[in-house]
Amino acid sequence: STDMVGFDSMLQCPLCDCGDSLSVYHSKTTKHSKTPFIYWQCGNCSLVFLQPDQRLGPEEERLRYEKHENVISDPGYRSFLQLLVDHMMPHIQQFRLHSNLSTVTGLDYGCGSNPTISVLLEQEPFIKVKLFDAFFYPYKELLEANAYDFITCSETAEHFFHPNQEFKTLVSCLKAGASLGVMTGFLPEQDAFASWYYHRDPTHVCFYSESTFQWIAKHLDCTVEFPKRNIAILTKAATDGDNS
């Protein structure tokens, strides 16, 4: 119905482009804003997203990231990222053996101003990691098709304004059979969303669940597994067989 708060008939899901199965998932007021923030859910791919006209502008967004105190010397932050490294390592090793590579080259997409996951991965002498970040390492030329033996994307997918394009790019950058490891806060039960800390960061605009990653995998010709809560590993189809 069109009497929903902030309803916009042009509103589309930023992941699957669907416009006709959106519903208000949550709305909240903050002390800084008189207008309620509206979070929508797509009935097609299950993504929950902040209403697009309520996102921060690029200058504000960059300032928020510059304030992030994430440094490799912080043991808590390192052990947090080590989770993704540990779950990616079997995939990296398997791809390396299967492809008979002496060294593997990966990409850390959304590495932030203090790259850390690359340092953890490069403790293995056979791993090299290139860095991309829209704000701090904006080297678009690194985003080339079929270039990488693995990609990591940690605490980044929740910032995507255009998750459909970003996931397409990420999967296209993988070699066939290679894996993309995503770590992001998975949606809790709906009644726990209001008290969930994750959407208090105004740069967090997209929220995923396992069913959303299953949708992404199906549409980008990948398999997906969930080795631990908040981690999805998407593996690109090994060949361009006729079963697509």
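**Exercise 1. Work out which way the side chains of strand β10 point, and whether they are buried or exposed.**

Step 1: Ile-231, Ile-233 and Thr-235 point one way from β10, while Ala-232, Leu-234 and Lys-236 point the other way. Strands (E, at least two residues) are DSSP runs, just like helices (H or I, at least four), and both are numbered from the N terminus.

Step 2: Every one of these residues is buried, where buried means under 20% relative accessible area, exposed over 50% and partly exposed in between (1.4 Å probe, protein chains only).

Step 3: Since 6 of the 6 residues of β10 (residues 231–236) are buried, the strand is largely enclosed by the rest of the structure.

A quick note on the numbers: this is a predicted model, so local features need pLDDT of at least 70 and side-chain atom pairs count only at pLDDT 80 or more, while totals for chains, interfaces and linings use all residues. Residues are numbered from 1 along each chain as its sequence is written, and side-chain values use heavy atoms, with hydrogens and water left out.

**Exercise 2. Find the strands that pair with β10.**

Step 1: Strand β7 (residues 174–183) pairs with β10 in the antiparallel sense over 5 bridges; two strands pair if DSSP finds at least two bridges between them. Gly-181 has Ile-233 as its bridge partner in β10.

Step 2: Strand β9 (residues 222–228) also pairs with β10 in the antiparallel sense, over 5 bridges.

**Exercise 3. Classify the ring pair of Tyr-109 and Phe-132.**

Step 1: The structure holds 20 aromatic pairs. Rings of Phe, Tyr and Trp (its six-membered ring) pair if their centres lie within 6.5 Å; planes under 30 degrees apart count as stacked, over 60 as edge-to-face and the rest as tilted.

Step 2: The centres of Tyr-109 and Phe-132 are 5.1 Å apart and the planes are at 20 degrees, so this pair is stacked.

Step 3: Now place the two rings: Tyr-109 is in strand β4 (residues 104–109) and Phe-132 in strand β5 (residues 127–132), 23 residues apart, so the pair links distant parts of the chain. Both Tyr-109 and Phe-132 are buried.
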